Amino acid sequence: MGVGYQLKLENFEGPLDLLVHLIDVNKMSIYDVKISLITEQYLDYLMAMQELNMEIASDFLLIAATLLQIKSRSMLPKEKTETIDPEDQLLNQLIEYKKIKIAGERFKENHQVGQLRCFSFASVEDFGETEQTYILSKSHLIMMYRESIQRELDKKNVKAENIREIVKKEKVSLAHSIRKVIDVLFREKRISFFQQFKKNVTSPSVLVTDFLSILVLSAQKKALLKQKRPFEDILIEGTENLSYPENIHEIYDWE
Amino acid sequence: MDWLHIQKEEIINILNAMLYANGEPISIKRFEDILDIDRKLLIELMEENMENLNKSKSGILIKKIEDSYQMSTNPLYFKYVRQLFESKKADTLSRAAYETLAIIAYNKQATRAKIESVRGNSDSPLRTLLERGLVIEAGRLDAPGRPVLYKPAEEFYRAFEIESLDELIPLDDFDEDEKEEDIMDNPNTL
């Protein structure tokens, strides 16, 4: 690579980003690009990437091929019935990309400014626990260690005794729940998850299973779920595909 | 309602009370329906209201988002307000995400193919934008394959201090090379 310029391996967003960079470095106008020089430097860059064992994404190779195509066409006599000139196409793409690149930088600035405003409902999720600093002494540390050991012990004992009870209680069937949801969907056009299922729920596992059911129905395109924001109510609508599952595999083996 | 006997100031007070209670944006249409006031007058009063709040450096301002209005804190006091929320850090996105967002915003709506024609593969930034709620699906394009269209979400207008997409600086203003070219083409203008 006996070239008189320095290759700086930056992280380019893609082949167009690299091309815009090369054009800038060579102080060319995007409306007057010397394709052969840029092609050379572009290929040098890909080679440098290869030497560093960097993986070259296929879109980089596609542009390399386009550049070589343009170069080879320029050596041939021009046909009169040209279809789309790949050079024009690439240059137009570069012009568009460069504008978007600058617009993106502008957006970043706007984003900083926009965040100086707080909106009342938007702040709910931002209420985090304030961070606290503890000053630790040796005795404090030992005490905390004992406490955590005790907590573990407490947990284990309770669970060991109740394990049978837990297994018994958790017997909620997904198939059953799906049928229940479909029943309701056939009766009513649109239902609210909070109203229908969360309001008079008997146990957390039933609620979780009902929630799973609507996810399965949505994945099978039998129902449409709508939620405005995280933690808000979910609206469920049956689609035209809404039907009872024909067998157990339809519930568990869908992909 | 007979608004003739009611002062302008009182209507403004009502608008503010409604905005406060709702928290989320309220559309002009909604105000019209509830208050039965002429749309033009509503907009006029709201503009006056916004200007007054701005002038008096009020702690609460009103932000216009397309055809809706929403209350917000005044950016002047961000330094103090932010201290309520320990975890509130300035949010920033990757360059790829800002570029992808710019393509969607400038086209008002865009398919994945449109985005890729401008800046190549954009799966990951598009996913980020969807996760952050800055972009939402806007139906499907009536073209082969019926590809999904994406458009800026309400949150975009809030987070980027933008009122409407028509307000964006024209893309051609970012064409630095063209300006130079113009000067070279028309030396007389110098």
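A: Helix α3(A), residues 58-75, packs on helix α4(A), residues 86-114, at an angle of about 135°. Their axes are 9 Å apart. (Axes are lines fitted to C-alpha atoms, for helices over the stretch in contact; angles run from 0 to 180 degrees between N-to-C directions. Helices, H or I of at least four residues, and strands, E of at least two, are DSSP runs numbered from the N terminus.)

This is a predicted model: local features need pLDDT of at least 70, side-chain atom pairs count only at pLDDT 80 or more, and totals for chains, interfaces and linings use all residues. Residues are numbered from 1 along each chain as its sequence is written, and chains are lettered from A and ligands numbered from 1 in the order in which they are written.

α3(A) and α4(A) are therefore oblique to each other. (Under 35 degrees counts as roughly parallel, over 145 as roughly antiparallel, 65 to 115 as roughly perpendicular, the rest as oblique.) The crossing of α3(A) and α4(A) is left-handed, meaning that the near helix is turned anticlockwise from the far one by less than a right angle. From α3(A) come Thr66(A), Gln69(A) and Ile70(A). They meet Pro86(A), Glu87(A) and Leu90(A) of α4(A), where contact means C-beta atoms, placed from the backbone, within 7 Å. By class, this contact of α3(A) with α4(A) has three nonpolar, two polar and one charged residues. (Ala, Val, Leu, Ile, Met, Phe, Trp, Tyr, Cys and Pro count as nonpolar; Asp, Glu, Lys and Arg as charged; the others, Gly among them, as polar.)

α4(A) also packs with helix α1(A), residues 15-25. Here the angle is about 90° and the axes are 10 Å apart. α1(A) and α4(A) are therefore roughly perpendicular to each other. Leu16(A), Leu19(A) and Val20(A) of α1(A) touch Gln93(A), Leu94(A), Tyr97(A), Lys98(A) and Lys101(A) of α4(A). Five residues of the contact of α1(A) with α4(A) are nonpolar, one is polar and two are charged. An α-helix has 3.6 residues a turn, so residues three or four places apart point the same way.

Now the partner chain. The contact between the chains takes 37 residues from chain A and 43 residues from chain B. On the chain B side, two or more residues each come from β3 (68-73), α4 (78-81), α5 (95-106), α6 (112-119), α8 (154-159) and α9 (176-185). α5(B) gives the largest share, eight residues. This side of chain B divides into 20 nonpolar, eight polar and 15 charged residues.

β3(B) also belongs to an open sheet of three strands, in the order β1-β3-β2 (chain B), with antiparallel pairing. (Strands pair if DSSP finds at least two bridges between them.) The edge strands are β1(B), residues 26-27, and β2(B), residues 60-65. Six bridges join β2(B) to β3(B). Lys64(B) stands opposite Tyr69(B) of β3(B). Helix α3(B), residues 39-55, packs on this sheet and touches β2(B) and β3(B). The direction of α3(B) makes about 140° with that of β2(B). The 17 residues of α3(B) reach 24 Å from first C-alpha to last. That is close to the 24 Å expected at 1.5 Å a residue, taken as 1.5 Å times one less than the number of residues. Lys57(B) follows α3(B) with a positive phi, near 50°.

Notes: Contact = placed C-beta atoms within 7 Å.
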